[in-house]
Amino acid sequence: MNFERYFRSHLVREMPVVRRWSYVLCRNPSLAEDMMQETLVKAWANRSSFARGTNMRAWLYRILRNTYFNHLRQRRREVPDPDGALTAMLRVPAAQTGKIELREVTEAMQDLSPAQREAMILIGAQGMSYKQVARLQRVNIGTVKSRLARARQAVARMMGYDSVSSRGDTFGDMQSRH
């Protein structure tokens, strides 16, 4: 019998015992189930450290016991906050405007032609020069400049801006490098 099959059959055979031990240790059915599952996951993940012929039950009990004690140590460091008052004091207002603006720009860029979108990403986000993008896209530098300008104008329009400067200041620090 290969090792995987051997290990799996012995692990399955010991599951009811692990469940009982877990209930005895935890005295909480929900926590006991969690501990049992975590023990089985750890056992499976570390099956290569198990030597065939050794006592699987003792090995699993040691994993369960260590898992349970680690859980207790973690709980000791937790601060009880049943009504959420402490958590409310620690909260920092989320700075989501940047994420929202990025999502809006990303959505607006989806309506661009693939060539315009590529030019905008390569120059604006990747910091490539017009010359590098022209070589990559196999077009003249003037074509790259035109694509970028049109892309910027289209995105600015879609986002509700009236205009965009030649440097692209509407989008923050999206300067193109020559």
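These questions and answers cover a helix crossing and the aromatic pairs in a predicted model.

Colleague: Is the crossing of helix 2 and helix 3 left-handed or right-handed, and how do the residues of the contact divide?

Modeller: The crossing is right-handed. Helix 2 contributes residues including Leu 31, Met 35 and Glu 38, while helix 3 contributes Trp 59, Ile 63 and Tyr 68, among them. The contact residues divide into eight nonpolar, three polar and two charged.

Colleague: Which kind of aromatic pair do Trp 21 and Tyr 61 form?

Modeller: Trp 21 lies in helix 1 and Tyr 61 in helix 3, 40 residues apart. Their rings are 4.7 Å centre to centre, with 75° between the planes. Planes over 60 degrees apart count as edge-to-face. The pair is therefore edge-to-face.

Colleague: In the pair of Tyr 68 and Phe 69, is Tyr 68 buried or exposed?

Modeller: This pair is tilted, at 5.9 Å centre to centre and 50° between the planes. Phe 69 has a relative accessible area of 32%, so Phe 69 is partly exposed. Tyr 68 has 12%, and under 20% means buried. Tyr 68 is therefore buried.

Colleague: Which residues form one aromatic cluster?

Modeller: The structure holds seven aromatic pairs. One aromatic cluster is formed by Phe 3, Phe 7, Trp 44, Phe 50 and Trp 59.

Note on methods:
Residues are numbered from 1 along each chain as its sequence is written. This is a predicted model: local features need pLDDT of at least 70, side-chain atom pairs count only at pLDDT 80 or more; totals for chains, interfaces and linings use all residues. Side-chain values use heavy atoms; hydrogens and water are left out. A crossing is left-handed if the near helix is turned anticlockwise from the far one by less than a right angle, and right-handed if clockwise. Helices (H or I, at least four residues) and strands (E, at least two) are DSSP runs, numbered from the N terminus. Contact means heavy atoms within 4.5 Å. Ala, Val, Leu, Ile, Met, Phe, Trp, Tyr, Cys and Pro count as nonpolar, Asp, Glu, Lys and Arg as charged, and the others, Gly among them, as polar. Rings of Phe, Tyr and Trp (its six-membered ring) pair if their centres lie within 6.5 Å; planes under 30 degrees apart count as stacked, over 60 as edge-to-face and the rest as tilted. Buried means under 20% relative accessible area, exposed over 50%, partly exposed in between (1.4 Å probe, protein chains only).
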